[in-house]
Amino acid sequence: REMLAAVRSGVARHVRAMSAARGPHYPLTKEQIEHFRELGYVRLPAVLSEEEVRAFEAIYQRFLSKEIPVPGLDYGDMSLPVDTPPEDYNMINVMIPRHYYPPMRNSIYEQRLTHITEQIFGSGMVIDYDQILAKKPKRPDAVFSWHQDMGYWWDHPTISTRTATYSLALNDATVENGCLRVIPGTHKAQRLLKHRPLDEATTAEETKTKAMVLQLDSQAEVVHVPAQRGDVTIHDEWIVHGSGGNPSAGWRHTYVLAFRDAAMVAFERQQGFKHSYCDIEALHRLRASKIAQH
């Protein structure tokens, strides 16, 4: 039995290694595309090899240690008031890192995501923004509240909102350390549910958190989406999702990158919005717009 188990384990590792993408391509199956379209999310195994993850990880750690400088509010914990001292962070968010470190651009990872995006959406999609998300160990409050991404972003009645948001697991993402969780199928209505600021009782605008939250239906089916190191999850812009805290003894390291319709990205930039928390005035206008919708 032990020998059989070892053989099976070895075969599983071999299959996983063989599934790792090579070059700029990552072919999807019809089932993977259908899963994304019907349920609003999908997990893709081994988008990066172990060697590729290690190379990416080195840059990631340089951001966390501040060796690569990031100004103002683009380095912080978006779930806490902006004046929270770094030692009290539950997680570290770094916004638009590829803007602050251009060598990240056009990497083999971005090339593979471009290929994946084209298979799902066709042409006309471009990179909108990226983000580092690092949940500290033993932080059960390192929670991303339930939300839709469209609660944070501009929309326009004549421009497609189509989006693929990719989350790369730089270490295993588990239920224990706060992996992605979703409410499958909630993207289909393409309707923004009522969001409120996480700290709406706070009156001082300059100290507010940057997080929004929606009230989850008590009957909603919650699905956790664990991922192994090198895997990628994709989710739709309208799906209700979030992630739990991290009471585990290890970090959860994730890198987020989103593709959106090129016309929508151009519209966002016209509003002065580039997903940077340093753009205070643009963010205040967006936040007021979203609240006014309800």
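This is a predicted model: local features need pLDDT of at least 70, side-chain atom pairs count only at pLDDT 80 or more; totals for chains, interfaces and linings use all residues.
**Notebook: cores, a helix and aromatic pairs**

Entry 1: Trp154 and Phe267 form an edge-to-face aromatic pair, 6.4 Å centre to centre, with 90° between the planes. Next I checked where they sit in the chain. Trp154 is in the loop between strand S5 (144–147) and S6, while Phe267 is in helix H6 (residues 262–270). The pair links distant parts of the chain, 113 residues apart.

**Entry 2: the other rings.** How many aromatic pairs does the structure hold? I found eight. One of them joins Phe56 and Tyr109, also edge-to-face, at 6.0 Å centre to centre and 70° between the planes. Phe56 belongs to helix H3 and Tyr109 to helix H5 (residues 108–121), so this pair ties together parts 53 residues apart in sequence. Both Phe56 and Tyr109 are buried.

**Entry 3: the cores.** I looked up the largest nonpolar core and found 37 residues. Tyr109, Ile116, Tyr166, Ile234 and Tyr255 have the most contacts inside it. Which helix gives this core its largest share? I wrote down H3 (residues 50–64), with five residues. A second, separate core has 25 residues, including Ile96, Phe144, Leu192 and Leu283. I went back to Tyr109 for its contacts. Leaving out residues up to four places away in sequence, Tyr109 touches Val47, Leu48, Tyr166, Leu168, Val232 and Tyr255.

**Entry 4: helix H3.** I checked its length. H3 has 15 residues and reaches 20 Å from its first C-alpha to its last, close to the expected 21 Å. Its buried residues are Val53, Phe56, Glu57, Tyr60, Phe63 and Leu64. What do they pack against? My list includes strand S3 (91–95), helix H4 (97–100), strand S4 (125–135) and strand S13 (252–261).

**Entry 5: after H3.** Lys66 follows H3, and I found its phi to be positive, near 70°. I also followed its side chain. The charged end of Lys66 sits over the ring of Tyr75, 4.6 Å from the ring centre.

**Entry 6: Gln32.** I looked up this residue in helix H2 (residues 30–39). Is Gln32 buried or exposed? Its relative accessibility is 17%. Buried means under 20%, so Gln32 counts as buried. Not counting residues up to four places away in sequence, Gln32 touches Pro27, Val42, Leu44 and Pro45.

Notes:
Residues are numbered from 1 along each chain as its sequence is written. Side-chain values use heavy atoms; hydrogens and water are left out. A nonpolar core is a set of buried Ala, Val, Leu, Ile, Met, Phe, Trp, Tyr and Cys residues joined through side-chain atoms within 4.5 Å. Buried means under 20% relative accessible area, exposed over 50%, partly exposed in between (1.4 Å probe, protein chains only). Helices (H or I, at least four residues) and strands (E, at least two) are DSSP runs, numbered from the N terminus. Contact means heavy atoms within 4.5 Å. The expected span of a helix is 1.5 Å times one less than its number of residues. Rings of Phe, Tyr and Trp (its six-membered ring) pair if their centres lie within 6.5 Å; planes under 30 degrees apart count as stacked, over 60 as edge-to-face and the rest as tilted. A charge sits over a ring if NZ of Lys or CZ of Arg is within 6 Å of the ring centre and within 35 degrees of the ring normal.
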